[in-house]
Amino acid sequence: MQTRANAPGKVLITGGYLVLEQQYAGLVLSSTARFHTSITAQQDAPICICVESPQYHNLNKYEYQQGGKLTNYGKHLYVENVLLFCMTLVEQVKGATALHAVHIKIEADNDFYSQRENVSKIYICNVVF
Amino acid sequence: MNKTGLGSSAALTTSLVAALLVHFQVIQQVVTDAQKELVHRIAQFCHCLSQGKIGSGFDVCAAVYGSCKYHRFNTSVLKSVLDMAMQSNGTCSNELYVELSKTCQIPMLLAEQVDHSVWDHSYKLFKLPPGFQLFVADVDQGSNTPSLVSNVLKWKAQNGDSGKKFLRFTHSNSILELDRCFEPASRSSI
């Protein structure tokens with residue numbers, strides 16, 4: 001059983017600095033570039049969470065312990081805070097029996113990262129018409 | 001490798017929150033409005049916690065809802081739960097979860113009710129007019145947003161914006177917006 005979700009990046013086209021205050025609006029466009037998350041259920045007994053970032057050749061392993069604890073916490077906060085609070089939410093809302101080990105893969109579309117270096121290697125100049 | 005400033009952390013956070021909540025069947029694959037708002041509030045909380053501060057949240061809102069005209073939520077919404085969460089390191093105590101549940105109104109959202117009085121952000125869905133396309137240049141570096149923001153806020157505090165620059169900017173921004181770019185039925189407090 002695999003679950004996939006993806007979400008876009010953004011470009012703020014008006015309202016920079018203004019948008020920090022509630023009275024002012026910002027016009028934000030969502031990008032075609034998206035982040036993709038895939039989750040596959042695993043059979044392991046402790047609730048192991050394996051997070052793979054293939055583009056970074058990275059694999060991090062965590063364990064969610066009932067009562068709201070995530071082991072190995074501290075090096076990748078953006079991922080780990082989501083794991084901690086969402087797994088806790090699942091346990092609280094659906095009960096501990098709803099939890100199981102998972103393998104998570106996170107991938108980003110190219111546009112989130114500068115391709116200038118790669119482009120220079122292929123083309124003579126950095127401007128592509 | 002340099003990022004292009006498209007909001008990777010907000011997109012990452014949002015896709016991971018959505019995937020986990022769908023995978024463990026807290027929300028449906030085809031989300032209801034209330035379930036979408038649940039993803040939004042949990043993502044805003046997690047993102048602010050990871051950043052160590054409460055930003056305006058337009059990046060997370062765009063990641064959840066798409067292109068829109070956005071007014072931020074009141075900072076006070078997240079202040080208490082974030083203060084509590086910043087003390088805990090890798091743990092979500094029952095007390096902290098209760099605070100998070102109350103702040104994000106989790107039970108209410110799961111009961112398909114969306115209360116706009118506490119989380120008072122607004123978003124009006126937007127599309128570029130026909131014939132317009134957005135191009136972004138890759139300059140192989142980001143801008144140091146936190147320092148830019150603190151400089152502007154410092155100026156504003158000292159200056160009091162007596163030149164009413166912010167009001168002039170708002171007026172100019174609203175001229176750019178064409179009525180037909182907004183979807184008629186989207187939620188707005190404007």
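This report describes salt bridges and a nonpolar surface patch in a predicted model.

## Salt bridges between chains

Over all chains, the count of salt bridges comes to 6. One of them pairs A:Glu21 with B:Lys156, with the closest N and O atoms 2.9 Å apart. This pair crosses between chains: A:Glu21 belongs to the loop between strand S1 (2–14) and strand S2 (26–41) of chain A, and B:Lys156 to helix H7 of chain B. A:Glu21 is partly exposed at 21% relative accessibility, whereas B:Lys156 has a relative accessible area of 19% and is buried, because buried means under 20%.

A salt bridge also links A:Arg116 and B:Asp140, whose closest N and O atoms are 2.8 Å apart. Since A:Arg116 lies in helix H2 (residues 116–122) of chain A and B:Asp140 in the loop between S2 and H7 of chain B, this pair joins two chains. A:Arg116 is partly exposed, at 34% relative accessible area, while B:Asp140 is buried, at 16%.

## A salt bridge within chain B

B:Lys69 forms a salt bridge with B:Glu177, and their closest N and O atoms are 2.9 Å apart. B:Lys69 is in strand S1 (residues 68–71) and B:Glu177 in the segment after helix H8 (165–176), so the pair ties together parts of chain B that are 108 residues apart in sequence. B:Lys69 is buried at 12% relative accessibility, and B:Glu177 is buried with a relative accessible area of 15%.

## Nonpolar surface patch

A:Ile13, B:Leu128, B:Phe132, B:Leu134 and B:Val136 make a nonpolar surface patch of about 440 Å². Among them, B:Leu128 is found in the loop between strand S2 (122–125) and helix H7 (145–159) of chain B. The relative accessible area of B:Leu128 is 31%, and the residue is partly exposed.

Terms used:
Residues are numbered from 1 along each chain as its sequence is written. Chains are lettered from A and ligands numbered from 1 in the order in which they are written. This is a predicted model: local features need pLDDT of at least 70, side-chain atom pairs count only at pLDDT 80 or more; totals for chains, interfaces and linings use all residues. Side-chain values use heavy atoms; hydrogens and water are left out. Patches are made of residues with over 30% relative accessible area and no salt bridge: like charges are joined within 9 Å, nonpolar side chains (Val, Leu, Ile, Met, Phe, Trp, Tyr) within 5 Å. Accessible areas come from the Shrake-Rupley method with a 1.4 Å probe; for residues, only the protein chains shown count as cover. A salt bridge is a side-chain nitrogen of Lys or Arg within 4 Å of a carboxyl oxygen of Asp or Glu. Helices (H or I, at least four residues) and strands (E, at least two) are DSSP runs, numbered from the N terminus. Buried means under 20% relative accessible area, exposed over 50%, partly exposed in between (1.4 Å probe, protein chains only).
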